[in-house]
Amino acid sequence: MEPEDLLAIGEVSRRTGVPISALHFYEQLGLICSTRTAGNQRRYRRHMIRRISLIVVAKRLGISLDQVGEVFTTLPLDDTPTQADWKRVARLWREEIAARRKQLENLQRELTGCIGCGCLSLNACRLLNADDELAAEGPGPRRI
């Protein structure tokens, strides 16, 4: 296949593992695009497979479709992205992933002690949250 060849929606679904209904949804959100045949059937350029694969990976990492959309605004939608385009996306996501890693490390550290709600250790909470001061800040965990 040539880079400019068009793929039917069923082929894109098969190759990415993404249901056709999700492809329609991603297209409605502007994350991917297609062209239409004379018979009004969707056709996707091959580079959409990479965009769709990145959406799948982002979802696995807990990155929202809104965040994916923000990053994808830096990529051309109607032309094959260059290596520089993909490096820019990688850099943006590297920062997001580093921030998420830090949040998870903080959560792990807090779970070994106390997260400020009293549910893990009442003895530790008496030391870290004397007189239940954190209750004044509202419901839910406060130290994460």
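Student: Let's start with helix H2: what do its buried residues pack against?

Tutor: The buried residues of H2 pack against helix H1 (9–16), strand E3 (42–45), helix H3 (48–60) and helix H4 (65–72). Keep in mind that we're reading a predicted model.

Student: Which residues of H2 are the buried ones?

Tutor: Helix H2 covers residues 20–28, and its buried residues are Ala22, Leu23, Tyr26 and Glu27. They span an arc of only 140° around the axis, so they sit on the same side of H2.

Student: And what is on the other side of H2?

Tutor: Ser21 and Gln28 are there, and they're exposed. Then look at what follows the helix: Gly30 comes after H2, with a positive phi near 85°.

Student: Let me try the next helix. Which residues of H1 are buried?

Tutor: Ile9, Val12, Ser13 and Thr16 are buried in H1. Look down the axis of H1 and these buried residues fall within an arc of 100°, so they line one face of the helix.

Student: What does that face pack against?

Tutor: For the buried residues of H1, the partners are strand E1 (6–8), H2, E3 and H3. So far, then, we have H2 packing against H1 and H1 packing against H2. Just after H1 there's a glycine to look at too: Gly17 has a positive phi of about 80°.

Student: Ser13 is on that list. Is Ser13 buried or exposed, going by its relative accessibility?

Tutor: Ser13 is at 15% relative accessibility, so it counts as buried; the cut-off for that is under 20%. If you leave aside neighbours within four places in sequence, Ser13 is in contact with Val18, Pro19, Ile20 and Leu23. Leu23 is one of the buried residues of H2.

Student: Back to H2, then. Glu27 is an acidic residue on a buried list, so how do I read that one?

Tutor: Begin with accessibility: Glu27 is at 19%, so it counts as buried. Next, ask what its side chain touches. The general idea is that side chains of opposite charge can pair when their charged atoms come close. In this model, Glu27 and Arg42 meet through their side chains in a salt bridge, at 2.9 Å from N to O. Glu27 belongs to helix H2 and Arg42 to strand E3, so the pair ties together parts that are 15 residues apart in sequence.

Student: What else is in contact with Glu27, beyond its neighbours within four places in sequence?

Tutor: Besides Arg42, you'll find Ile32, Cys33, Ser34 and Tyr44 in contact with Glu27.

Student: How many salt bridges does the structure hold?

Tutor: Five. Another one joins the side chains of Arg45 and Asp79, at 3.8 Å from N to O. That pair links distant parts of the chain, with Arg45 in strand E3 and Asp79 in the loop between H4 and H5, 34 residues apart. Check accessibility at each end: Arg45 is buried, with a relative accessible area of 17%, whereas Asp79 is partly exposed at 42%.

Student: Where do Arg100 and Glu96 lie?

Tutor: Both are in helix H5, four residues apart, about one turn of the helix. Arg100 forms a salt bridge with Glu96, and their closest N and O atoms are 2.8 Å apart. Arg100 is partly exposed, with a relative accessible area of 22%, and Glu96 counts as partly exposed at 23%.

Student: What about the surface? Which residues form a nonpolar patch there?

Tutor: Val57, Leu61 and Ile97 do, and together they have about 210 Å² of accessible area. Ile97 is placed in helix H5, residues 83–111. Its relative accessibility is 31%, so Ile97 counts as partly exposed.

Student: Now zoom out for me. In what order do the elements run?

Tutor: From the N terminus on, read β-α-α-β-β-α-α-α-α. That's six helices and three strands in the chain.

Student: And how much of the chain is buried?

Tutor: Of the 144 residues, 28% are buried. As for area, the chain exposes about 9400 Å², with 52% of it supplied by carbon and sulfur atoms. For contacts, take pairs of residues at least 6 apart in sequence: 53% of those contacts join residues at least 24 apart.

Key:
Residues numbered from 1 in each chain as written. Predicted model: local features only at pLDDT ≥ 70, side-chain atom pairs only at ≥ 80, totals over all residues. Heavy atoms only, no water. Helix = DSSP H or I, 4+ residues; strand = E, 2+ residues; numbered from the N terminus. Buried < 20%, exposed > 50% of the residue type's maximum accessible area, 1.4 Å probe, protein only. Contact = heavy atoms within 4.5 Å. Areas by Shrake-Rupley, 256 points an atom, 1.4 Å probe, with all protein chains shown as cover. Patch = residues over 30% accessible without salt bridge, like charges linked within 9 Å, V, L, I, M, F, W, Y side chains within 5 Å. Salt bridge = Lys/Arg side-chain N within 4 Å of Asp/Glu carboxyl O. Arc of directions from axis to C-beta.
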